[in-house]
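Please open the model in your viewer and follow the selections below in order. Each stop says what to select and what is there.

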Amino acid sequence: MKELSNKLRIIYKPFLLISIGFILLYTLLHWLLFIKAAIPLKEDIVKLWLPFGLPWIPILIWLRPRIRLLNFKNDNAAFGYQFLASIAIAIPTIIAQEYLVTATGKLTQLDNISQIEKTKKTKYYALKHYYIDKEHIAIENAATITGKHNENFNMQIYVAMPVLVTSADTVKMGSTCWLGKRYFERISNRLSEQEKNDQYKAFAEKSQTEFEQTDFSKFTYLEVMGNTDDHDGYNKALKKLGANAPGPNMIFEAKAEPFEQRNGRKLPWIFGSFAIGAAVWLLFLLFPKVDQERIKKFKTGTSAKESGLKEVFEVMLPRRDFFITPILIDLNILIYLAMVFAGLGFISFQGTDLIHWGANFRPLTTDGQWWRLLTNTFLHGGLMHLLANMFGLLFVGVFLEPLLGKWRYLLVYLIAGILASAASIWWYDATVSVGASGAIFGLYGFFLSCLLLKIFPPDFGKTFLISTLVFVGVNLVMGLTGGIDNAAHIGGLLSGFLLGLICSTWLKRKAANTVAYEIEKPEA
């Protein structure tokens, strides 16, 4: 009973307080900053990704030291409890944000759409008289590539229709109110370009038929579309149309259900999901034993309550023997965050936006913009692309940077990255290429040459030679499935390997001098 009491009081109670406090505080900040103050941040970031990521801060600072009071066979189990706690907090928080938006949104009754400029802006509108113009529409055709390995090819068509007072208004120009309709279909990105073109043509014809058969005047109320990727799609359509509106365009989504049902069952699901998460976490908490010695130290304040957040981020802080790798990681993350806060996306970015930010694209690179050979190595196509590359950089950087020294290490990284980019534009005619993977493959090529030439100790070399060959082989095979710039990978790998061969004599001499120094060094 004493052990259970310690678990409930020292671990489970703080978990509940952190969970409830985070949900309430985040929901309040959402209302103040993004609803009342209308800070223009993407809705998927506010309503999904921040609720998933931010709970880790209080978990690592306050909950992690308490979880470490439990006896685990390995650290992975402790991380599992932290991950489960983050999910238990994130899910009700996400549902709460959806409920906040619909519950606080007000409905404005209008006789016709022309009155909207004379009323205070709200989230929802109901119209007595209106006309949806299906003739003078704006259209944007879009295609995006998503998936962990770029396996999905998403076909989208955005159609914006003017919302007018009567059919007689179709002769007027300058509408500011538009009804949006998006058509979407997903196919495999592994198809050939001709197959994808044929599929898109069939998708467009099907969407056209559906559009012609739909009566868009049948809706109960209109919802103003927020700051989303879909909103950007409609804006591109309007820009292409050349809609010279006197004010900012408003995009609406038509809703057919009664306004009173807009919240659905979100409120009970907030409490229900929180109760389920709390119950599951409590159930898991009952299994491991409590380390009584750690409990005593924790109660007396003599235990080392190190900051988990510091441990996580210290890898991003440059230090004497590990200087360049953290800077490269930080720079890549900062550029990614700059693109996110510029409103270009979160999970993935559009190819046109990547080109604007410096992606490698043969028609532009060979036309005098040779700087793209370098700038593209600091850009990434999305979140998963960034994370995968940064983990790969961290792993190889731990071994190579102390071996080479910071400036030689940086030089190898940059040379490999540039040569990888050159291989990409030599192989592909018009492919948008981004990512640090070419430079990172260069580091792995250098690392591989060091392992084969036995620069490292024998025991170390055998273990990591196999793992490095597996890593490189798997990534190159995955590149054959499509959507991955294998030319840059191979170019980076070969250039790094050759650089390793060139530097081998110097590295062997350095290793021999280090061993000689250790032998001759007098004992203290």
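Begin by selecting helix α1 (residues 2-36) and helix α3 (residues 56-67), whose axes come within 9 Å and cross at roughly 165°; axes are lines fitted to C-alpha atoms, for helices over the stretch in contact, and angles run from 0 to 180 degrees between N-to-C directions. Helices are DSSP runs (H or I, at least four residues), numbered from the N terminus. Because angles over 145 degrees count as roughly antiparallel, α1 and α3 are roughly antiparallel to each other.

This is a predicted model, in which local features need pLDDT of at least 70 and side-chain atom pairs count only at pLDDT 80 or more, while totals for chains, interfaces and linings use all residues. Residues are numbered from 1 along each chain as its sequence is written, and side-chain values use heavy atoms, with hydrogens and water left out.

Next, show the side chains of I10, I11, P14, F15 and I18 in α1, which meet P58, W62, L63 and R66 in α3 (contact means heavy atoms within 4.5 Å).

Now select Y81 and F284, an edge-to-face aromatic pair with 6.3 Å centre to centre and 85° between the planes; rings of Phe, Tyr and Trp (its six-membered ring) pair if their centres lie within 6.5 Å, and planes under 30 degrees apart count as stacked, over 60 as edge-to-face and the rest as tilted. Y81 lies in helix α4 (residues 75-104) and F284 in helix α7 (residues 266-285), so the pair ties together parts that are 203 residues apart in sequence.

Key
Helix = DSSP H or I, 4+ residues; strand = E, 2+ residues; numbered from the N terminus. Parallel < 35°, antiparallel > 145°, perpendicular 65-115°, else oblique.
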